[in-house]
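Welcome! Here is a short tour for anyone meeting this structure for the first time. Take a look at the sequence and the model, then read on.

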Amino acid sequence: MKIEIACRSEDSTKAKGDLLESLATDLLSAQSYKVIEEIRVTGAELDLLCKHEVSGKEIYVECKAQAGNIGAPILRQLNGTVDAYDYSEGWLVSTAEFGKEAKGFVEMWKKKPSEKASRLSFYSPELIVQSLKKASVVCDPPVEAASEFAGSREAVGEWSLVISPFGRFWAAYTLKGGAPHG
């Protein structure tokens, strides 16, 4: 499962980030968080600062709309920001998969005592989509309709959730096989 951010070629990288932040805001709102976007605090610019409407817990959410893998330095920076500003938690929401060192960081982090391990959450594209579906922010991909359109279930490739200024859509590659004619 992939998440693709679709903007015009002339749009800035900030425009892509804004679309991912909007998606993350909808997910957080479904979990009773009040979201404040693009907050400046001493020494940092935060993507999303969120406060739970019931518990009052504050979390920091870093959104990364990038094509290349997430590196371990991004995860260490997330940890540093959470510690420096005494947030209850820090979340990374990313359209990219985690690189080798970042995967190692996540595995190392999960082995920490539960009180510390629960301070960071890492949302890969697969986990984002699962969470969005559970919160009824997005529906399941239209597998049956795509299979009918493509001629068979085997002709439908990997699904991507496309986030654009025009809305959120499911897209899948259609696979056509066979020998060339003529």
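This is a predicted model: local features need pLDDT of at least 70, side-chain atom pairs count only at pLDDT 80 or more; totals for chains, interfaces and linings use all residues.

Two residues are in contact when heavy atoms of theirs lie within 4.5 Å.

**The chain as a whole**

- The protein chain has six helices and eight strands.
- Read from the N terminus on, these elements follow the order β-α-β-β-β-α-β-α-α-β-α-α-β-β.
- The C-alpha trace spans about 65 × 35 × 35 Å along its principal axes.
- Of the 182 residues in the chain, 40% are buried.
- Among contacts with a separation of 6 or more, 57% are between residues 24 or more positions apart.
- The accessible surface of the chain is about 10600 Å², and carbon and sulfur atoms account for 51% of it.

- Leucine 161 belongs to strand β7, which covers residues 156-164.
- Is leucine 161 buried or exposed? Its relative accessible area is 1%, and buried means under 20%, so leucine 161 counts as buried.

**Aromatic pairs**

- How many aromatic pairs does a search of the whole structure find? The search finds eight.
- One of the pairs joins phenylalanine 98 and phenylalanine 122, with ring centres 6.5 Å apart and planes at 85 degrees, so this pair is edge-to-face.
- That pair links distant parts of the chain, since phenylalanine 98 sits in the loop between β5 (89-94) and α3 (100-110) while phenylalanine 122 is in strand β6 (residues 120-123), 24 residues apart.
- Phenylalanine 105 also forms an edge-to-face pair with phenylalanine 122, at 6.3 Å centre to centre and 90 degrees between the planes.
- Because phenylalanine 105 lies in helix α3 and phenylalanine 122 in strand β6, their pair ties together parts that are 17 residues apart in sequence.
- Phenylalanine 98 and phenylalanine 122 are buried, and phenylalanine 105 is buried too.
- Phe98, Phe105, Trp109 and Phe122 make up one aromatic cluster.

**Helix α1**

- Helix α1 (residues 13-30) has 18 residues, so at 1.5 Å a residue it should span 26 Å; its end C-alpha atoms are 26 Å apart, which agrees.
- The buried residues in α1 are Gly17, Leu19, Leu20, Glu21, Leu23, Ala24, Thr25, Leu27 and Leu28.
- An α-helix has 3.6 residues a turn, so residues three or four places apart point the same way.

**Two residues with positive phi**

- Just after α1 comes serine 32, with a positive phi of about 70 degrees, although serine 32 is not a glycine.
- Serine 32 is in the loop between α1 and β2 (33-41), and its relative accessible area of 29% makes it partly exposed.
- Aspartate 86 is not a glycine either, and has a positive phi of about 55 degrees.
- Aspartate 86 is in the loop between α2 (72-84) and β5, and at 66% relative accessibility it counts as exposed.

Key: Residues are numbered from 1 along each chain as its sequence is written. Side-chain values use heavy atoms; hydrogens and water are left out. Helices (H or I, at least four residues) and strands (E, at least two) are DSSP runs, numbered from the N terminus. Buried means under 20% relative accessible area, exposed over 50%, partly exposed in between (1.4 Å probe, protein chains only). Rings of Phe, Tyr and Trp (its six-membered ring) pair if their centres lie within 6.5 Å; planes under 30 degrees apart count as stacked, over 60 as edge-to-face and the rest as tilted. The expected span of a helix is 1.5 Å times one less than its number of residues. Accessible areas come from the Shrake-Rupley method with a 1.4 Å probe; for residues, only the protein chains shown count as cover.
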